[in-house]
Protein chains: 2
Amino acid sequence: MSCSTESDLRDALFSPRSVAIVGQSDDDAKAAGRPLKFLRRIGYAGRVYPINPRRETVLGERAWPALAALPEAPDHAYIVTSTEAAVTAVEECGARGVKVATVLADGFAETGAEGAARETRLREVRANTGIRIVGPSSLGVVDLRTKSMMTANAAFDETDLPVGRIFAASHSGSLIGALLTRGKARGIGFAGLVSVGNEVDLSLGDICEATLDDPGIDGYMLFLETMRHAESLRRFALAAAERGKPVLAYKLGRSAAARELAVSHTGALAGEDDVAGVFLRSCGIARVDTFDALIGGLPLLARVPAAGRSDRKRVGVVTTTAGGATMVVDPLASRGVTIEPASAATLAKIAAAGIEVKPARLIDLTIAGARYDTMKAALDILLAAPEFDLVLVVVGSSARAQPEKTVQPIIDSAGAGKPLAAFLAPEAPRALAMLSKAGVPNFHTPEACADAIAAALARQTPRAMEPRSFKSPGNGGPVLDERAAGALLDRLGIARAPSLALDTAITQAPALPFPYPVAVKVLSAEIAHKTDVGGVVLGVVDGDALIAAIRKISADVAVRKPGAKVARVLVQPMLTGIGEALVGYRVDRDVGSLVMVAAGGVLAEIARDRSLRLAPVDLATARDMIAEVRALTPLAGYRGRPKGDLDALAQAIVALSRLADDATVAEAEINPLIVRPAGNDVVAVDALVKLAEPA
Amino acid sequence: MSCSTESDLRDALFSPRSVAIVGQSDDDAKAAGRPLKFLRRIGYAGRVYPINPRRETVLGERAWPALAALPEAPDHAYIVTSTEAAVTAVEECGARGVKVATVLADGFAETGAEGAARETRLREVRANTGIRIVGPSSLGVVDLRTKSMMTANAAFDETDLPVGRIFAASHSGSLIGALLTRGKARGIGFAGLVSVGNEVDLSLGDICEATLDDPGIDGYMLFLETMRHAESLRRFALAAAERGKPVLAYKLGRSAAARELAVSHTGALAGEDDVAGVFLRSCGIARVDTFDALIGGLPLLARVPAAGRSDRKRVGVVTTTAGGATMVVDPLASRGVTIEPASAATLAKIAAAGIEVKPARLIDLTIAGARYDTMKAALDILLAAPEFDLVLVVVGSSARAQPEKTVQPIIDSAGAGKPLAAFLAPEAPRALAMLSKAGVPNFHTPEACADAIAAALARQTPRAMEPRSFKSPGNGGPVLDERAAGALLDRLGIARAPSLALDTAITQAPALPFPYPVAVKVLSAEIAHKTDVGGVVLGVVDGDALIAAIRKISADVAVRKPGAKVARVLVQPMLTGIGEALVGYRVDRDVGSLVMVAAGGVLAEIARDRSLRLAPVDLATARDMIAEVRALTPLAGYRGRPKGDLDALAQAIVALSRLADDATVAEAEINPLIVRPAGNDVVAVDALVKLAEPA
């Protein structure tokens with residue numbers, strides 16, 4: 001009995017009429033003992049079938065010997081057995097007509113060939129019986145409203161769990177306990193939580209998608225370790241955006257060390273972090289970098305509408321503590337948010353309200369004093385001021401000692417006007433609880449406050465993309481030779497340097513179709529990075545020098561890349577511009593077609609100073625990309641320098657990004673793309689094109 | 001009656017026998033009403049003289065009409081009057097023989113000329129009477145042990161204040177309340193806290209220094225808004241290091257926006273953030289970036305000895321939640337800390353203890369299970385393993401549900417072996433309290449945990465410096481002409497390019513003492529950035545071209561810098577190397593003599609990719625500096641490129657840094673310094689030298 005509709009799936013996952021716990025232990029201190037204990041404590045009203053072939057009873061209840069012995073096929077089975085037994089149990093579930101099986105055991109793809117074979121068996125059961133599978137390595141699937149709490153996570157071992165309107169999904173099983181308990185401490189409640197495990201069948205995106213039409217869910221909190229199954233994540237995110245349900249994500253893997261851990265931990269290959277960032281942004285998912293911002297950020301996200309490309313990043317600040325406010329301003333400004341000074345009109349209104357402030361970038365109420373009327377009036381004026389997109393209020397010691405004076409007015413003003421976020425400098429649990437209860441976004445650390453504000457202001461309306469962008473490139477097919485690569489550039493409308501291929505065996509230089517000086521480069525499909533092996537000589541002034549350059553290249557490559565076949569070199573005129581860029585296209589394993597721009601040269605590579613987008617892009621996006629690359633700044637006319645043809649560069653980015661429509665190309669890189677002065681175009685000097693693996 | 005010794009000053013500040021509250025209000029809801037209320041509530045045992053000329057009583061106590069009317073000169077007066085009255089009160093305190101006056105009012109240097117005049121009056125009283133002054137704009141001076149609690153900060157309006165062994169000093173007055181209350185919530189107590197205000201007399205460093213021999217103080221927590229009075233901060237920090245008392249600082253101003261706020265808020269000019277960072281590091285002060293790491297970092301700092309230059313940044317990780325641990329690993333790795341995998345020997349010991357772990361960069365106890373014996377044995381093995389400098393333990397849901405299983409073993413193991421830091425993924429107040437009570441460093445957010453670990457591992461043994469480095473350069477004196485600048489380089493032993501100065505009026509090129517091609521540069525003391533005004537022509541091939549270049553430069557400068565006198569140009573041979581560097585020296589207003597290295601060129605400037613140290617430096621430090629500049633990486637032989645003469649570059653840095661011994665020079669910049677292949681030296685092509693203002 002498979003789930004024929006999305007709502008069937010949702011019901012089987014989150015409001016099953018009956019559940020089986022396969023492998024339920026009699027010892028509730030063990031992970032395998034917890035599910036039944038938790039279900040009974042919370043008071044799940046459906047039918048529960050504990051299965052344990054070795055015992056008559058578990059935790060005082062009748063234990064069933066096997067799935068086959070049950071009087072009905074349960075909607076959902078939580079399989080808490082050992083690894084090998086779990087595979088068998090899923091097979092039995094499939095045969096018995098169980099709709100969803102959630103598997104706790106690990107020991108699958110992350111453990112190598114044997115584990116991968118187990119995953120294959122699970123997929124076969126899924127294909128043959130229609131059963132849907134959560135996990136393996138799932139610490140559980142929980143709905144706090146229906147009390148369907150199928151989890152082995154120890155953090156659920158308590159009463160008074162925080163029921164609310166947020167759905168949390170996590171690659172890490174332990175983290176659902178951290179989200180639950182930290183949320184509870186902050187007055188934040190959950191409709192449901194799921195630990196998605198290895199996603200052998202149902203992915204994180206699939207599971208979230210199944211909950212989209214749940215009217216009791218207002219927003220999503222995601223803890224991501226990998227970009228695996230990005231396509232379903234995107235599908236879910238776009239549908240969530242349509243419904244006005246914000247999605248907030250924390251993703252591990254900013255550092256290479258963390259990405260390596262993700263590999264060994266989950267068995268998933270971790271992509272590059274900026275690729276993940278660009279992907280999440282293109283889906284309209286707000287990404288935070290601090291754990292506290294994940295916990296506390298959704299109320300703010302719900303109040304800040306997603307934006308298009310145009311920036312709305314102007315924050316007004318009102319405070320009773322300049323030092324405390326600056327703790328938030330510092331990380332905010334570092335994230336590119338503008339701290340906007342109040343306009344003359346706003347300052348005039350503040351003065352007219354009898355509030356004494358020094359004219360500065362903060363509205364500092366220190367002199368005016370910590371009084372209700374002062375804070376209320378100042379806030380109302382700021383919340384109505386057109387120069388701000390969001391108002392940050394930072395309260396000092398009075399937030400703890402006298403919240404009725406400086407925190408109550410925040411609550412009383414927050415409903416009107418633009419979004420507002422509050423940070424309280426002292427430890428002020430009572431005031432934080434007041435704010436949370438009233439639904440006012442509030443934060444316990446200055447860093448989380450800044451992080452959540454920046455993420456909310458940066459959130460974009462998602463960009464719909466064709467499914468073509470999710471084709472996996474495999475390992476890539478053959479590399480095009482220079483002629484074919486040149487033809488591809490011609491087809492895309494990207495100007496390129498003239499060139500002539502010469503045999504390395506020649507002893508006399510032929511007449512060239514362009515003047516000296518020239519550049520000479522090794523031509524070999526085996527050599528992708530010519531400079532690294534001594535394969536490039538620049539500024540060759542005449543025919544004799546050309547022959548000498550060919551000899552030098554042959555000799556250098558023989559030393560640095562012994563065995564590489566060096567039959568030909570490419571000769572090109574020396575092109576000069578006022579700068580260089582690198583423009584690249586590739587089909588990423590996780591997120592699909594990407595276009596990239598960086599400054600050419602080794603420095604840009606070392607600094608990882610590049611801008612990425614999902615491909616294709618339009619001209620405005622290409623211009624944004626250029627502006628994001630720090631090393632291209634001089635080409636915009638820095639300190640009196642001549643301007644480069646950035647329009648032509650943007651057009652080349654757009655042109656290369658259109659390869660997203662060409663399924664045969666896996667990768668293309670123009671490096672360098674010579675940037676000439678404004679009006680004089682850009683010229684590709686070298687291009688590397690790799691085809692997709694034949695299907 | 002002035003303080004003749006350090007201990008006199010300490011006593012007057014923190015254990016006065018008698019205090020006056022000048023301007024004490026009868027309304028304890030007002031700031032000026034709080035000091036007496038707080039002193040009585042905490043039970044200060046000394047004599048208290050509330051002074052209020054307009055009332056017979058305040059808060060039910062006798063009010064004295066004036067300082068002159070008191071039966072004795074109180075040791076310490078807290079002046080909580082309005083601004084103008086405060087100046088008068090300090091004068092009266094001086095006349096009456098009060099030892100220390102702390103001033104609450106603002107309206108001094110931060111408000112312009114009138115305020116600056118008030119500060120001058122305070123300094124005169126200080127000079128004439130010997131009274132010491134805290135503030136103005138001081139929210140108070142508090143000793144929780146002697147119960148001398150002279151503060152108007154509302155956060156002290158409670159009983160059960162956390163007494164401990166930490167001394168906190170803050171430029172922000174509100175923040176002492178935040179430190180106190182957040183510390184209390186984390187089980188961290190204070191010996192004393194001070195809000196230093198504008199530091200018109202006693203600086204933050206002076207006040208901390210006065211407490212150095214207090215046996216009840218183990219460490220220092222600093223909240224800094226400015227590097228004002230860096231000399232006293234350094235003196236204090238070096239003396240603290242000698243006594244083994246760690247100093248932990250949070251400094252605002254990572255962003256330009258925050259630095260601007262500091263200017264308007266405190267009246268102090270804010271220097272560059274990396275200068276402050278280098279200064280703090282050279283003082284042996286650990287700097288954190290997150291507020292929670294400031295609150296909770298000292299216990300860890302106390303367990304990690306300060307290091308010399310050599311790196312000890314290898315952290316071992318044991319966890320029951322790979323996802324939770326990676327939350328700490330990610331920011332740790334981003335801060336340059338190495339997550340060290342366990343050695344084969346360590347893994348063998350873990351296996352021998354019967355603990356099943358997958359070989360990975362984390363010791364992940366998920367499979368082994370959340371048991372006391374497992375955690376204890378794993379921790380003991382890691383704490384004894386030579387490959388780690390510090391052990392991080394991250395506990396998942398069991399930290400909340402069953403701390404006796406996974407948190408108690410941390411407490412039982414923490415005493416032995418190397419430093420240990422704990423992060424608990426769920427909300428786990430009971431476990432955190434257990435850890436804090438046992439003195440085990442613990443953190444509530446993954447970011448603070450990583451921040452504190454990185455800061456502790458990066459802390460250096462301070463470097464003693466001569467006081468010469470604190471001479472203020474004023475606005476700088478005259479700029480040396482090229483001949484004098486060249487002579488200075490010769491004296492320092494830095495090789496420079498030959499050159500010839502020519503009059504711009506010449507119509508025929510003279511014979512040159514070096515071959516063409518040459519570079520031609522405008523020579524004018526009015527033009528510091530030659531390229532920006534079209535003042536440089538490179539690759540001039542012969543005499544005619546030289547004359548043309550002189551004409552072009554004259555014409556360009558006339559357009560871009562009208563009015564600048566262009567009488568001469570400098571001609572130099574075109575020198576080629578394999579890279580360029582910029583080496584600079586300057587006397588910073590706050591921190592004294594600095595030496596800097598960056599890659600030459602506009603890109604390095606845009607990226608602010610530079611390394612700084614206090615000057616002078618030795619060769620090893622100069623090598624560290626070169627390694628810190630990303631844009632110089634290619635010169636170390638990146639991907640098969642030729643190596644530059646980095647030894648010679650390091651020697652040039654050392655040589656220029658010796659200007660710290662030359663009081664006549666305010667600033668010197670060699671740009672570019674051509675770096676030739678290894679063994680071929682570096683050559684200065686251009687140098688700008690600015691003399692100090694005549695004394």
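Predicted model: local features only at pLDDT ≥ 70, side-chain atom pairs only at ≥ 80, totals over all residues.
**Reading the salt bridges and the A-B interface**

Mentor: Begin with one pair. Glu158(A) and Arg400(B) join their side chains in a salt bridge, 2.7 Å from N to O. The term stands for a side-chain nitrogen of Lys or Arg within 4 Å of a carboxyl oxygen of Asp or Glu.

Trainee: What is the mean pLDDT of chain A?

Mentor: pLDDT is the predictor's confidence in each residue, from 0 to 100. For chain A the mean is 90, and 95% of the residues reach 70 or more. One stretch needs care. Residues 265-270 of chain A stay under 50. The model still gives that stretch 24 contacts (heavy atoms within 4.5 Å) beyond four places in sequence. The overall scores are ipTM 0.91 and pTM 0.92.

Trainee: Back to the interface. How many residues are in contact between chain A and chain B?

Mentor: Count each side. Chain A brings 83 residues and chain B brings 84. Then take the area. Buried area is the accessible area (1.4 Å probe) that two parts lose on being put together, summed over both. Chain A and chain B bury about 6,500 Å² between them, with 55% of it on carbon and sulfur atoms.

Trainee: How many salt bridges cross the interface, and how many residue pairs are in polar contact?

Mentor: The rule finds 2 salt bridges between chain A and chain B. Polar contacts pair N or O atoms within 3.5 Å; within protein, one must be able to donate a hydrogen and the other to accept it, and residues adjacent in sequence count only if both atoms are side-chain atoms. Between the chains, 22 residue pairs are in polar contact, both residues at pLDDT 80 or more.

Trainee: Which elements give two or more residues to the side of chain A that touches chain B?

Mentor: Helices (H or I, at least four residues) and strands (E, at least two) are DSSP runs, numbered from the N terminus. Among the contributors are α5 (173-185), α12 (322-334), β19 (420-424) and α19 (446-458) of chain A. The largest share, 9 residues, comes from α12(A). By class, this side of chain A has 33 nonpolar, 25 polar and 25 charged residues. Ala, Val, Leu, Ile, Met, Phe, Trp, Tyr, Cys and Pro count as nonpolar; Asp, Glu, Lys and Arg as charged; the others, Gly among them, as polar.

Trainee: How many salt bridges are there over all chains?

Mentor: The count is 88. Take Arg17(A) and Asp75(A), whose closest N and O atoms are 3.0 Å apart. Arg17(A) sits in the loop between α1 (6-14) and β1 (18-22) and Asp75(A) in the loop between β4 (61-62) and β5 (76-79) of chain A, so the pair ties together parts 58 residues apart in sequence.

Trainee: Is Arg17(A) buried or exposed?

Mentor: Buried means under 20% relative accessible area, exposed over 50%, partly exposed in between (1.4 Å probe, protein chains only). Arg17(A) is exposed at 53%.

Trainee: Which residues of chain A are linked in a network of salt bridges?

Mentor: The members are Lys251(A), Arg254(A), Asp273(A), Arg287(A), Asp289(A), Arg335(A) and Asp451(A). Arg335(A) is in the loop between α12 and β16 (338-339), Asp289(A) in the loop between β14 (286-288) and α10 of chain A, 46 residues apart.

Trainee: Where do Asp273(B) and Arg287(B) lie?

Mentor: These two form a salt bridge in chain B, 2.8 Å between the closest N and O atoms. Asp273(B) lies in helix α9 (residues 273-282) and Arg287(B) in strand β14 (residues 286-288) of chain B, so the bridge ties parts 14 residues apart in sequence. Asp273(B) is buried at 8%. Arg287(B) is buried at 14%.

Trainee: How many residues of α9(B) are buried?

Mentor: The count is 7 of 10, and the helix is mostly covered. Among the buried ones are Val275(B), Phe279(B) and Ser282(B). Gly284(B) follows α9(B), with a positive phi near 75°.

Key:
Residues numbered from 1 in each chain as written. Chains lettered and ligands numbered in written order. Heavy atoms only, no water.
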